[in-house]
Amino acid sequence: MQNLNASLQAKYPHLELAILPLSQVNKDNESKRIDSEYFKKSNLKLLDDLYKYGTLQVQDIAIEVTDGIHTTIDYDTNSTINLISASSPQENYFTLTNECVSPEMHANNPRTAIQENDVIVSTVGTIGNCAVATKSILPANSSRSVGIIRLNLNKYSPFVLSTFLVSKYGRVQTLRESTGNVQLCLFIHKLKELKIPQFSQDFQLEIQKLVQDSHKALEDSKRLYKEAQELLYKELELDFKNPLESLLKSSLQAKKPSELANINDISKKYPHLNISVRSLSKSLHKSGRLDSEYYQSKYDAIERKIKDYQGGWGYVKTMFSRNNTTCNFLKDKYKYIEIGDINTSNGMASFNEIPTNELPANAKIMIEKNDILISKVRPYRGAVAIIDFDIKDTIASGAFVVLRENGDFKKEVLQVLLRTTIYKEWLLKWNVGTSYPVIKDENILDLPIPKINPATQEQIALKIQKSFTLRTKSKDLLQNAKMRLENAIENG
């Protein structure tokens with residue numbers, strides 16, 4: 001068999017060939033799959049290493065393996081019950097959205113309610129992303145796009161299982177066992193049958209500590225970022241919990257009686273509308289726009305608040321330098337950052353290394369360390385990042401405005417400012433387009449920002465720097481845990 005494989009491979013060197021005995025084809029293959037992807041050599045090598053180490057199945061260590069809510073999700077913006085969907089688990093940590101489940105739906109679906117130490121696995125979309133539910137994400141309920149593994153904690157650590165599932169030995173199984181054409185899906189019965197290594201209790205405790213230390217660093221990072229936000233809101237005299245509501249309330253109280261009378265007369269007639277009264281000279285003739293969204297009164301309230309700041313204000317373009325350096329494409333490959341590489345939940349950037357001939361047409365701007373990337377695409381999502389890693393030969397998408405500090409305003413403060421509720425809301429004013437809303441470069445460059453006093457800027461910047469350092473530490477600890485686990489399997 002081995003000789004036949006070798007001779008055929010020599011005859012057809014451009015193909016990947018594997019001849020397997022029927023017993024090996026049928027091994028752990030209840031669905032009798034014979035597609036070539038299922039039997040890739042690299043996959044079989046990883047599985048062979050795992051079998052040699054010694055394995056159990058997920059169902060051997062689990063109390064229950066199930067999925068989430070199967071009915072239409074009842075969302076509630078006032079709820080504090082997190083919805084955990086396929087995009088929530090990442091590589092051993094969670095990224096939460098603002099989507100929350102109504103208390104009624106949570107109460108009516110106790111089977112899908114997530115408990116502490118549950119291992120949550122994405123079963124649709126990015127198959128195999130996985131994290132352990134801790135108190136920081138609870139209360140929570142789950143959509144049907146995730147699997148919930150509830151372990152017998154006396155048999156196996158959930159932190160070890162989650163680390164294994166995001167390792168190459170876990171990934172190969174979750175992807176290999178996924179099925180579907182338009183969208184891959186990992187069924188619950190396949191999740192139960194995944195093979196896991198029989199690690200000793202001592203080794204499990206080592207891996208568990210690394211992951212828990214990582215989670216602590218991540219929570220400390222979030223706390224510092226929140227403290228930085230609170231400092232900024234306090235400086236702007238806004239309520240941290242409800243900044244936009246407090247701003248609109250104070251703005252209404254500050255209006256002249258004549259202005260209120262004019263608005264109130266129309267508001268009484270049309271109480272369901274957001275009213276803003278403008279003359280033609282102060283609307284179409286000034287801005288060239290006549291759509292009602294552009295003239296919502298909340299945008300005026302935000303602008304007044306910024307321009308009334310006690311320390312004064314300036315435009316982004318006068319307080320930062322712009323980086324417009326284009327690439328000459330002299331290298332074989334470059335690091336490339338596009339909109340999707342900015343994590344909108346924490347403001348950190350990643351990149352992909354791409355051969356020059358495969359770079360998209362929008363790969364334009366050569367960036368340097370400490371550059372600030374501000375998305376012009378769906379800017380209300382808060383895709384604003386500071387480049388704080390080694391960025392030699394790195395290009396950013398033309399969908400960013402790229403700025404640099406010039407001494408007047410700290411980049412960390414600008415990042416926090418543009419990711420606040422009021423600025424994300426304000427940036428909606430200049431949106432054009434529907435399915436793919438964007439704003440122009442000048443809409444960012446001409447944006448007014450308050451001249452925050454230097455002492456407060458220093459405090460905010462320090463907290464953000466520490467926050468990002470802790471995030472990097474958290475990521476490194478997770479990577480270390482995964483590498484130790486993989487090395488243990490490879491070395492027997």
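In this predicted model, a polar atom of the S375 side chain lies 2.7 Å from the backbone oxygen of V377. S375 belongs to strand β15, residues 372–375 (strands are DSSP runs of E, at least two residues, and helices runs of H or I, at least four, numbered from the N terminus). With a relative accessibility of 2%, S375 counts as buried (under 20% relative accessible area, 1.4 Å probe, protein chains only). Beyond four places in sequence, S375 touches I339, A383, A399, F400 and I444 (contact: heavy atoms within 4.5 Å).

The largest nonpolar core holds 43 residues (buried Ala, Val, Leu, Ile, Met, Phe, Trp, Tyr and Cys joined through side-chain atoms within 4.5 Å). L403, L414, Y423 and I449 have the most contacts inside this core. Outside its four-place sequence neighbourhood, Y423 contacts I306, L417, L418, L447, P448, I449 and P450. A second, separate core has 39 residues, including L194 and F203.

L194 sits in the loop between α8 (188–192) and β9 (195–197). Its relative accessible area is 2%, so L194 is buried. The C-alpha atoms of L194 and T55 are 9.6 Å apart, although 139 residues separate the two in sequence. Contacts of L194 beyond four places include L56, Q57, V58 and L165.

Mean pLDDT (the predictor's per-residue confidence, 0 to 100) is 85 for the protein, and 83% of residues score at least 70. Where pLDDT is low, predicted coordinates should not be read in detail.

Residues are numbered from 1 along each chain as its sequence is written, and side-chain values use heavy atoms, without hydrogens and water. Local features need pLDDT of at least 70 and side-chain atom pairs 80 or more, while totals for chains, interfaces and linings use all residues.

Technical notes
Buried < 20%, exposed > 50% of the residue type's maximum accessible area, 1.4 Å probe, protein only. Polar contact = N/O pair within 3.5 Å; in protein donor to acceptor, adjacent residues only side chain to side chain.
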